[in-house]
Amino acid sequence: MESEAGISSPPPSVIKEELIKKLIIGVSKFWCSLWRLTSPLYVYTSTFVGRLQDHQNEEAIFGAFSLIFWTLTLIPLAKYVLIVLSADDSGEGGTFALYSLLCRHVKFSLLPNRQPADEELSAYGPSTQLAVSSRLKKFLEKHERYRTALLIVVLCGACMVIGDGILTPAISVLSSVSGLATQVKLTEAEVNLIACGILVGLFALQRFGTHWVAFLFAPIVIIWLMSLFAIGLYNTVYWNPKIVVAMSPHYIIRFFRETGRDGWIALAGILLSITGTEAMFANLGHFTALSIRLAFAFVVYPCLVVQYMGQAAFLSKNLSSIPTSFYDSVPKTLFWPVFGIATLAAIVGSQAVITATFSIIKQCNALGCFPRVKIVHTSRHMFGQIYIPEINWILMILCLAVTVGFRDTTSIGIAYGIACITVMFISTWLMALVIVFVWQKNIPTAAAFLLLFGSIEGIYLSSSVTTVPHGGWLPLVLALIFMGIMYTWHYGTREKYNFDLHNKASLKWLLTLSPSLGIARVPGIGLIYSELTTGIPAVFSHFVTNFPAFHKVLVFVCVKSVPVPYVSPEERFLIGRLGPKSYRVYRCIVRYGYKDIQRDDSDFENQIIHSIAEFIQMEAADVSQFSSSGSPSSGGRTAVISIRSVESLIVTEQLELEVNASIQSSESSTFQSLRSVYEEENPCIRRRVRLQLPQSSAMDSCVREELTDLIQAKEAGIVYIVGNTYVKARRSSSFLKKMVIDIGYSYLDKNCRGASVALNVPHLSLIEVGMIYYV
């Protein structure tokens, strides 16, 4: 804390509060960064069903454990912990993080809004290419169909993660609650009813955030891990210590020699032992890669191996207990404590997956692949804790439908396995591209990685495909539906952007607008929102054509997402000028990362004004911080403006707290009366910011005049001009395109959040310009 006298240490109460905040954040993140720890409840049960009912013997049990052991060792430990965790995107993990990482090094993005200035962001990193990878890069960038195919693959992975968010709560809660049937006489319908009740409560609590639940339940996860290890060790020693020899891969050969094709089909059950792997990588942003490596290698991995070993030892002497293997292997005196811990662990794990689903949808939305939805921030201290109401209730309805429709963990497990292995398989292919384009390794190295892990996952995927008629169809149908929504939205967004790009007005057209043509300049600042980074958007030319007047100060604002997780506030604003200085027309490009939160910030317009004021001074001083992203034809040079450099701003601010007070300015009396009525109906303390120029400052007269005009325009009022566009397919378009645009995209656009709401535009300061885009 800094005072006028110098730097002083904060008081003990502040230090204590900060330590408590850090403790809450640290403990609550621990559970979501490790593993989905309820898989021991249903792996053996799901494995020895169907064809393997004829092979329930000690030899098959030993072979199943050997498969589980080597699967855990090769996929989570070798592939993810040792290799994939290193492919983080500035600390972020997951399918979209890999895609974003690739988009920074190769022009895979289908939206042509990339600027050279974006590559100057500190999060971009170096971009050198080897000769071989450079040729491959040019080939992929040249053919749009390959980039489209890559996007579809990534969307497929994202949709499978969303399906995971539906299936994980269902199988976790149902498998934990089903243990009651072993001690209390309950029918299948009663077990499902209890599970549904827990699921409803689980989704209802999402609106309050997961940080407090995580903080309270994090010790439960630790106790659950300790319980898994202790019970597994006890069963190994008590029932069959010889199970240790099954760690040899020789028992895998013996397993397939005895079971044959039935054993290959049973791999869909073995697959459930690694279903938390992709979540571990996706949660990389919540914890460091080193901590996850240590936690998994020295805590999670040993506990799971010992637990599976103990269950196998128990089942080798109690084959009749396969349908309820986990709870039957628990000593009777420990049943109820273990049952309670298992249920709580299932709730915690389910909340982690639901939150991860919200995060995936947020990333899809930022990259233009999902309709605009309401995003609620549930924690002030834990960045990234979000809640999406519409998605939450959709997930709940689908989760309840899965629980009631399938009724048992075996069928849900089949669907669950397909969703997880598909995401892993997609990550392996994306990782091979990362090895070539990002890590700059040669193609044989990437091919070796792809051949080793892709072949293993391919075998599991081929086994899972055989279960499609028995429940495996569910994640495929869910993925198809969500992929249809995502690709329809992305296609419509891309066509809309291309229309703007091809129908934008030139700078020369703007310069021809003058009072002699009947164009009036009214007091105030007009913020024209557009997705274009260059040129004059068609919405503005349509507005001026029908309403020949615009504000004395115009700012063309473009809010865009860049393929990095976060953009620092110092690099967020990119300011430029359009036309001569006397026109007072500027461009402001606001850049967000795909994990950034576009908060409802009342200071946004003030940040834009400060940035423009700083730009005016930098331009006058001819500071060499201008990027080369602009050209005279596109509107001049642009500069990155730090919103935190308030000390260097000539403009100062005064804060006023007003309650139900209308602002005396050059606004019309009608507008002031409307504002007054609105404030009477919505009484609140309003934060007013007034800008002034210091009288004693020595500056150029032209700069002072321009800054004075900017301040006066700000005091006159700020108006937001947003396009309310309707996208329609041309009459000459194909039937499929008409279906996608006129029905699919149109329906999504009408039923999602409006652009003005998503941009947090004040309702009273909004002007919507209606326009039809024929694409």
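Guide: Buried means under 20% relative accessible area, exposed over 50%, and partly exposed in between, with a 1.4 Å probe and protein chains only. Helices (H or I, at least four residues) and strands (E, at least two) are DSSP runs numbered from the N terminus. This is a predicted model, in which local features need pLDDT of at least 70 and side-chain atom pairs count only at pLDDT 80 or more, while totals for chains, interfaces and linings use all residues. Residues are numbered from 1 along each chain as its sequence is written, and side-chain values use heavy atoms, with hydrogens and water left out.

By that criterion helix 6 is mostly covered, with 28 of its 34 residues buried. From first C-alpha to last, helix 6 reaches 50 Å, close to the 50 Å expected at 1.5 Å a residue, the expected span being 1.5 Å times one less than the number of residues.

Turning to charged pairs, a search of the whole structure finds 10 salt bridges, each a side-chain nitrogen of Lys or Arg within 4 Å of a carboxyl oxygen of Asp or Glu. One of them joins the side chains of Glu-59 and Arg-254 (2.6 Å, N to O), linking helix 3 (residues 58–81) to helix 9 (residues 250–259) across 195 residues. Glu-59 is partly exposed, with a relative accessible area of 27%, and Arg-254 is partly exposed, with a value of 27%.

Glu-457 and Lys-79 also meet in a salt bridge (2.6 Å, N to O); because Glu-457 lies in helix 18 (residues 443–465) and Lys-79 in helix 3, the pair ties together parts 378 residues apart in sequence. Both Glu-457 and Lys-79 are buried.

Arg-577 and Glu-706, which meet in a salt bridge (2.8 Å, N to O), are likewise buried. Salt bridges that share partners join Arg-577, Glu-619 and Glu-706 into one network.
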